[in-house]
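Good morning, and thank you for making time on the agenda.

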Amino acid sequence: MSPSSLLPLARSPAPGDGLCDAAEDAHGGFPIRAIARLRRTGLLAAPLPEALGGRGLCEPGRVDALRALLTEVGRDDLAVGRLYEGHVNALALVLRYADAAIAGRLARDAAEGHLFGVWNTEPAEGGLVLDGAGGLRGAKSYASGAGFVTRPLVTARLADGRRLMLVMRLEPGARADLSAWRAHGMRASATGTVDFSGLSLRDGEAVGAPDDYGRQPFFFAGAWRFLAVQLGGIEAVIETHRAHLAATGRAEDPHQQVRFGQAMVAAETSRLLVARAARIAAAEAGSPERVIAYVNLARAAVEQAGLDVIALAQRSVGLAGFLESHPLERLMRDLATYLRQPAPDFALTGMAAHALAAGEPLHDLWSDAMAPAAPEAIG
Ligand SMILES: Cc1cc2nc3c(=O)[nH]c(=O)nc-3n(C[C@H](O)[C@H](O)[C@H](O)COP(=O)(O)OP(=O)(O)OC[C@H]3O[C@@H](n4cnc5c(N)ncnc54)[C@H](O)[C@@H]3O)c2cc1C
């Protein structure tokens with residue numbers, strides 16, 4: 001299956017159908033229509049193997065297709081992209097670590113249209129704890145889709161300090177508090193706090209063994225997926241930048257052309273890096289540190305590209321782009337917010353330390369053998 005054969009499923013049939021409308025972009029909003037469309041077109045099941053009713057998107061040989069799909073969804077709408085990336089990540093963890101019976105049950109849930117997510121982040125105090133009797137106490141924070149995700153994969157701390165993955169069964173609207181999510185952007189991602197106190201192991205399924213969640217390189221290298229979504233956000237900003245120059249008759253101006261050219265370089269550099277990072281992450285060849293270092297290199301580049309593309313669009317479009325009536329206004333808010341990901345300094349310096357300590361020449365640090373060409377061409 002080629003990436004392009006999946007993409008029409010994600011793409012809107014009519015302009016705006018895949019996008020949150022203004023009401024959904026409000027504080028406390030959620031992209032109900034766009035998620036319903038992903039469900040209707042089979043994309044919630046697509047990460048599953050064909051034997052479980054999916055399209056095998058989590059298989060290493062399909063990484064180009066998954067990467068292209070994540071970018072496509074992110075280009076349409078970053079909040080939807082964030083939610084879909086969390087859904088894919090949760091299913092990837094289930095397929096990798098859960099025993100067959102549990103994976104089968106959860107795959108059925110996904111095929112029936114349950115939205116999954118990964119909720120790992122927690123408040124400094126009061127994070128999620130699983131006691132020896134199987135009882136849960138505590139909360140998760142910055143949980144996307146809170147109140148809408150009905151099968152969250154959460155990490156719960158055990159008495160010995162290790163973390164166990166659980167996929168919990170939640171009713172829509174249950175336990176979610178979105179009151180603190182008064183965010184600059186990504187308002188429609190319903191990123192809130194969810195308190196699990198009083199629930200127990202019987203309300204969910206344990207996935208894998210303690211500390212499987214943090215196993216490397218899968219944990220850190222999985223960042224390639226949010227980079228693919230961010231790339232879609234970068235492309236959407238540049239597309240709007242371009243449309244504005246055309247609509248205002250300013251595309252011939254050499255200053256505008258310089259800024260637009262710089263934005264194109266940022267996007268294309270990101271596209272190439274994300275494609276390679278995805279392949280290197282999927283191949284998992286060589287040491288985990290080496291795989292992670294390449295994904296971290298891509299993280300640093302894409303974050304900078306996103307920031308640059310926003311600044312270039314702001315200067316080229318000017319004040320009009322800051323008005324709520326201009327599409328750039330929301331695209332920039334969403335991208336600026338979604339660029340905030342964990343420990344960016346650590347990602348950059350970790351990559352630098354790896355390269356500084358490596359014995360081989362720089363051009364051999366990530367040889368092509370680490371990223372074998374997938375059957376599908378890069379789209
Ligand atoms: C829209 C959105 C949706 C999200 N949804 C989810 C979700 O569904 N599930 C989930 O688990 N999480 C979610 N998150 C949270 C996300 O995974 C990260 O936890 C969060 O984005 C971290 O951002 P931060 O800027 O606070 O990062 P931080 O890591 O706190 O970084 C902030 C700054 O501090 C620096 N820094 C980091 N650590 C240290 C340190 N120890 N000492 C000194 N400096 C440090 C960083 O390099 C950076 O400069 C979401 C985030 C966003 C933006």
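Let us begin with a helix pair. The axes of helix α8 (residues 254-283) and helix α9 (residues 288-317) come within 9 Å and cross at roughly 160 degrees. That angle makes α8 roughly antiparallel to α9. For the conventions, axes are lines fitted to C-alpha atoms, for helices over the stretch in contact, and angles run from 0 to 180 degrees between N-to-C directions. Angles under 35 degrees count as roughly parallel, over 145 as roughly antiparallel, 65 to 115 as roughly perpendicular, and the rest as oblique. Helices (H or I, at least four residues) and strands (E, at least two) are DSSP runs, numbered from the N terminus.

A word on provenance. This is a predicted model, in which local features need pLDDT of at least 70 and side-chain atom pairs count only at pLDDT 80 or more, while totals for chains, interfaces and linings use all residues. Residues are numbered from 1 along each chain as its sequence is written, and side-chain values use heavy atoms, with hydrogens and water left out.

Returning to the pair, α8 passes α9 in a left-handed crossing; a crossing is left-handed if the near helix is turned anticlockwise from the far one by less than a right angle, and right-handed if clockwise. By class, the contact of α8 with α9 has 17 nonpolar, four polar and three charged residues. Here Ala, Val, Leu, Ile, Met, Phe, Trp, Tyr, Cys and Pro count as nonpolar, Asp, Glu, Lys and Arg as charged, and the others, Gly among them, as polar.

Helix α9 has a further partner, helix α7 (residues 223-247): their axes come within 10 Å and cross at roughly 20 degrees. This makes α7 roughly parallel to α9. The crossing of α7 over α9 is left-handed. On the α7 side the contact includes Trp224, Phe226 and His241, and on the α9 side Arg299, Gly306 and Leu312. Its composition is 16 nonpolar, five polar and one charged residues.

How do α2 and α4 lie relative to each other? Helix α2 (residues 32-40) and helix α4 (residues 78-97) have axes that come within 10 Å and cross at roughly 45 degrees; they are therefore oblique to each other. Here the crossing is right-handed. Ala34, Ile35 and Leu38 in α2 meet Val80, Leu83 and Tyr84 in α4, a contact of six nonpolar, no polar and no charged residues.

Now the domains. The assignment, which is automatic or from a database, gives domain 1 (3-214) and domain 2 (218-370). Their centres, taken over C-alpha atoms, are separated by 24 Å. Domain 1 contributes 30 residues to the contact and domain 2 contributes 26 residues. Together they bury about 2500 Å², 63% of it on carbon and sulfur atoms; buried area is the accessible area (1.4 Å probe) that two parts lose on being put together, summed over both.

Finally, the backbone. A cis peptide bond, with omega about 10 degrees, joins glutamine 216 and proline 217. Proline 217 sits in the loop between β9 (204-207) and α6 (218-221). Alanine 190, a residue other than glycine, has a positive phi near 45 degrees, and lies in the loop between β7 (176-177) and β8 (192-195). Thank you.

Technical notes
Contact means heavy atoms within 4.5 Å.
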